[in-house]
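Have the model open as you read.

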Amino acid sequence: MSRSNYLFTSESVSEGHPDKVCDRISDAVVDAFLAADPYSRVAVETLATTNRIVLAGEVRGPASVTPQVMEDVARAAVKDIGYDQDGFSWKNAKVDVHVHSQSADIAVGVDAAGNKDEGAGDQGIMFGYACNETPAFMPAPIYYAHAILKSLAEARHSGAEPQLGPDAKSQVTLQYVNGKPARATSVVVSTQHGEKLDQDAVREIVRPHVLNVLPEGWMCPEETFYVNPTGRFVIGGPDGDCGLTGRKIIVDTYGGAAPHGGGAFSGKDPTKVDRSAAYASRYLAKNVVASGLAEKCVIQLSYAIGVSKPLSVYVDTFGTGHVDEDKLSGVLQQLMDLSPRGIRTHLGLNKPIYARTAAYGHFGREPEADGGFSWEKLDLVSSLKSAFA
């Protein structure tokens, strides 16, 4: 039997966190290739440290996306995040590009040919999750952890808080009563700041952003509201800590409230099921919860490299469902073609829409007019309701 009264914690990191800088650069490279050719194949990793950025990986796409273009894309991403500091600057950082052509052995298994449909780009397991704890159908701790940092970033970019730096982290612990989030018991925010600010000043800059994000009456006690617990956070970003693509997968998904599959998302084009099938499973789980068929739902998809159809489609509603889970699995597969090509077509994923996903979570966002966050749409709700009427 699941517990009903407990504490649960999730963390988030800002766009200026070293790992998120790398995710952003890798996804900006994906966008550059997809903008030039929507059928490009991209798998690019980024490393960032003191005034150095290294790109590596494999691609198959138009020759117009040269190493110089990739360098320019990396610098533009760093500039947009806001890094122009002595130890890490979009202007002065050395950018090394070590990107080569896609392996022919991978291509032959993945490409469509004759009567063979396009196969998955790799083997793997992917999970999607949704619950009714928040309006975005996301677990509450990660939802509020993201929102705090996004609010601080908006204040920094607008000029309202010029003493804040790009690097920041948050952590929110919520008390659950009868299985529902009721209040925060602690909030931790660490944010990079200017030389002249002391810890108390940073605390008062951060406080209204936390109060505005949390529901009324949810603020934690003063003694468990931690801001820059070490007392000082001036040196940040890749100058303070080396960053790598794909190291914040729990931040990217559900804050630990649900399983995560074997792979990260950023730097991968949508033929990679690590990314596209995780988006598809979130899309299906969210529509299940939004349709009222369950209060929470997790969906697992599994694939083999070169094989188009998923090997398994597992659905679990944690005892909150109002329908048979085996039947639900079958209905979902009727409503959506879960082959790599089917997912990309259904969700419109062959577009340059990925740099924006690199910070503040890939899920729980609003669908955008150009196709961004299409996996957050609720366009299956009526079909699901009809199937179980």
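Tyrosine 6 counts as partly exposed at 21% relative accessibility, while tyrosine 176 is buried at 3% (buried is under 20% relative accessible area, exposed over 50%, partly exposed in between, with a 1.4 Å probe and protein chains only). This is a predicted model, where local features need pLDDT of at least 70 and side-chain atom pairs 80 or more, while totals for chains, interfaces and linings use all residues. Residues are numbered from 1 along each chain as its sequence is written, and side-chain values use heavy atoms, leaving out hydrogens and water.

The whole structure has 12 aromatic pairs (Phe, Tyr or six-membered Trp rings with centres within 6.5 Å; planes under 30 degrees apart are stacked, over 60 edge-to-face, the rest tilted). Here are two stacked ones:

| Pair | Centre to centre | Angle between planes |
|---|---|---|
| Tyrosine 6 and tyrosine 176 | 4.7 Å | 10° |
| Tyrosine 279 and tryptophan 375 | 3.8 Å | 15° |

Tyrosine 6 and tyrosine 176 sit 170 residues apart, in strand 1 and strand 8 (strands are DSSP E runs of at least two residues, helices H or I runs of at least four, numbered from the N terminus). Tyrosine 279, in helix 7, is 96 residues from tryptophan 375, in the loop between helix 9 and helix 10. Tyrosine 279 is buried at 0%, and tryptophan 375 is buried at 0% too. Ring pairs also tie Tyr279 and Trp375 into a cluster that includes Tyr129 and Phe318.

Lysine 296 puts its charged end over the ring of phenylalanine 318, 5.0 Å from the centre (the cut-offs are Lys NZ or Arg CZ within 6 Å of the ring centre and within 35 degrees of the ring normal).
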